[in-house]
Amino acid sequence: MGDLEIDQPDSAFIQSPQHRPKSSIIIPHGIPLIDLSPVNYQDETITTTTASLSIQGLVKEIGEACKEWGFFQVINHKVPLDKRERIEESARKFFGLSLEEKIKVRRDEVNFLGYFEAEHTKNVRDWKEIYDFNVQQPTFIPPSLEQDFQFKWENRWPQNPPEFREACQEYAEEVEKLAYKLMELIAMSLGLEPNRFRGFFMHNTSNIRLNHYPPCPYPHLALGLGRHKDTGVLTVLAQDDVGGLQVKRKSDGEWIQVKPIFNSFIINVGDMIQVWSNDGYESVEHRVMVNSEKDRLSIPFFLKPALYTDVKPLEELTNDGNPPKYSTINWGKFRSARMQSNFTKSNVDNLQIYDFKLSL
Ligand SMILES: O=C(O)CCC(=O)C(=O)O
Ligand SMILES: [Fe+2]
C-alpha cells in the first residue's frame, strides 16, 4: 500500500481504546461448522415434498446457527477449488502492483467500483486495500430511482494481471450458485417455501470484494476492518489461512476468532435477512485484526437484491403476537443514502436498519 509502510502510527488508523483488539488469544467454541454434502445441485430448487431426511437435518443445523450466531462455516459446498485458487492468485498479483498502477482503476464519487485504499469504518481508517466489482452487469437502475441514484455502477477491470477479469467472473458464477442454495436452505429453516427469496434477485446488485490486509506495525492499535454488520442479504466469504476475522458472540458480546479451514466458506446473515425474518435471524457484528508479519486476503461475495426491492418483514413470519418490527426499506434508496455518506468522512453514523425500526 506504499503510504502505509510507516513506523509512526498515523492517527487516522488508531481505534479508540475500547475497540482495540485484545492481545490475548481467545479460543473458545467457534462458529458452527456445517457439511453441505446432502445438497444436490442437479435439482433446480429443493422442493419441500422431496426434501430428504439429511436435507431436513441440514436445514435444522442452519436455522440454529443463524439464530445463535448469525454466522457459520460450510464445507463440501461444491464451489470448484481451482476457480477459488485462480481468483486468489489474480488478487494477489493485482495488489502486488504499484499504487500508481492500481489507482488507474480507483473508485471515485460517481462510480464506487474498483480499487480503494482509504476506506473508513465508523470514522477510523481500515488497514486494508480493496477491489470491488458487481456480479451482474449492467446494473439495472429502475426509472423510479434515477433521481435518487446518482451513481454509476460499472466494473473497472485492470489490465494487469491479464487473467484478472476472467478469474473474477468465473468465480462469481460459482459462488453465486452456492449463495442461492443457501438461501433455499435458510428459507426452509424459517418454514418458508425454498424459493421464497428467489424473485428478489432477478436484477440483483450483488458484488464481490477483494480485501487485502498488509502487515501492520501496530496491530494492537489498528484494525484491518472495524466492527460492522453486513447490510446485504447474505455474505459468502473465502478467507486464506492467516486468520483475523472475529465475530461478536451474541450470548456475551465476546469477540470470537474464526479459525481458517481449508476450502471452506464463512457464511453470515446480512441486515436484509434480519428485516425479512422480523429479527428471527440477526445480522451480527464482526471485525478483522491485522498482524505484524503476514498479509491476509479475503474475498466476500455479498448477495444483494434488486434496487427496486421493498424489504419488509415477511407476512408469513409476522402475526398479531409478532407484529412487524420494521417499516419498508427500499433497497435502492437505502443503498444510495449509505453510499453518499460512505465517501465522506462524517461524524454521523451511516443509515442503518435500526432507523426503520417501528416503536411497538
Ligand atoms: O476479511 C474478512 O474476514 C471479513 C471481511 C468483511 O467482513 C467485509 O468485507 O465485510
Ligand atoms: Fe463484513
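Asn-207 stands opposite Phe-302 in strand 14. The structure is a predicted model, in which local features need pLDDT of at least 70, side-chain atom pairs count only at pLDDT 80 or more, and totals for chains, interfaces and linings use all residues. Residues are numbered from 1 along each chain as its sequence is written, while chains are lettered from A and ligands numbered from 1 in the order in which they are written. Helices (H or I, at least four residues) and strands (E, at least two) are DSSP runs, numbered from the N terminus. Two strands are taken to pair if DSSP finds at least two bridges between them.

Strand 14 spans residues 296-303. Strand 7 (207-213) is antiparallel to strand 14 and is joined to it by five bridges. Strand 9 (234-239) also runs antiparallel to strand 14, here with six bridges. Thr-235 has Phe-302 as its bridge partner in strand 14. Burial was assigned from C-beta atoms placed from the backbone: a residue is buried if 20 or more other C-beta atoms lie within 10 Å of its own, exposed if 12 or fewer, and partly exposed in between. Seven of the eight residues of strand 14 are buried, so this strand is largely enclosed by the rest of the structure.

Strand 12 (residues 265-269) is likewise largely enclosed, because five of its five residues are buried. Both of its faces are covered. Phe-265, Ile-267 and Val-269 are buried on one side, and Ile-266 and Asn-268 on the other. Strand 9 pairs with strand 12 in the antiparallel sense over four bridges. In this pairing Leu-237 stands opposite Ile-266. Strand 2 (residues 71-75) is joined to strand 12 by four bridges, and the two run antiparallel. Phe-71 stands opposite Asn-268.

A residue is counted as near the ligand if its C-beta atom, placed from the backbone, lies within 6 Å of it. The shell consists of Arg-209, Asn-211, Leu-225, Asp-230, Leu-237, Gln-239, Leu-245, His-286, Val-288, Ser-298 and Pro-300. Strand 7, strand 9, strand 13 (286-288) and strand 14 each supply at least two residues of this shell. By class, five shell residues are nonpolar, four are polar and two are charged. Here Ala, Val, Leu, Ile, Met, Phe, Trp, Tyr, Cys and Pro count as nonpolar, Asp, Glu, Lys and Arg as charged, and the others, Gly among them, as polar.

An unreviewed UniProt entry annotates residues 204-305 as "domain: Fe2OG dioxygenase". UniProt positions are given in the numbering used here, feature names are shortened, and annotations may be inferred rather than shown by experiment. The end C-alpha atoms of this span lie 5 Å apart. The span is 6% helix and 39% strand.

The protein has six helices and 16 strands. Its radius of gyration is 20 Å, close to the 21 Å that the globule rule gives for 360 residues, so the protein is as compact as a globular protein of that length. The radius is taken over C-alpha atoms, and the rule is 2.2 Å times the number of residues to the power 0.38. Along the principal axes, the C-alpha atoms fill a box of roughly 60 × 50 × 45 Å. Of the 360 residues, 38% count as buried. Two residues are in contact if their C-beta atoms, placed from the backbone, lie within 7 Å. Among contacts with a separation of 6 or more, 81% link residues 24 or more positions apart.

Phe-164 lies in helix 4 (residues 164-189). Phe-164 is buried, with 23 other C-beta atoms within 10 Å. Leaving aside residues up to four places away in sequence, Phe-164 touches Ser-90, Phe-94, Trp-157 and Pro-158.

The loop between strand 6 (129-134) and helix 4 holds Pro-138. Pro-161 is also placed in the loop between strand 6 and helix 4. A cis peptide bond joins Gln-137 and Pro-138, with omega about -10°. The bond from Asn-160 to Pro-161 is cis, with omega near -5°.

Positive phi values occur at two non-glycine residues, Lys-122 at about 50° and Asn-263 at about 55°. Lys-122 sits in the loop between strand 4 (120-121) and strand 5 (124-125). Lys-122 is partly exposed, with 13 other C-beta atoms within 10 Å. Asn-263 is found in the loop between strand 11 (255-257) and strand 12. Asn-263 is exposed, with 12 other C-beta atoms within 10 Å.
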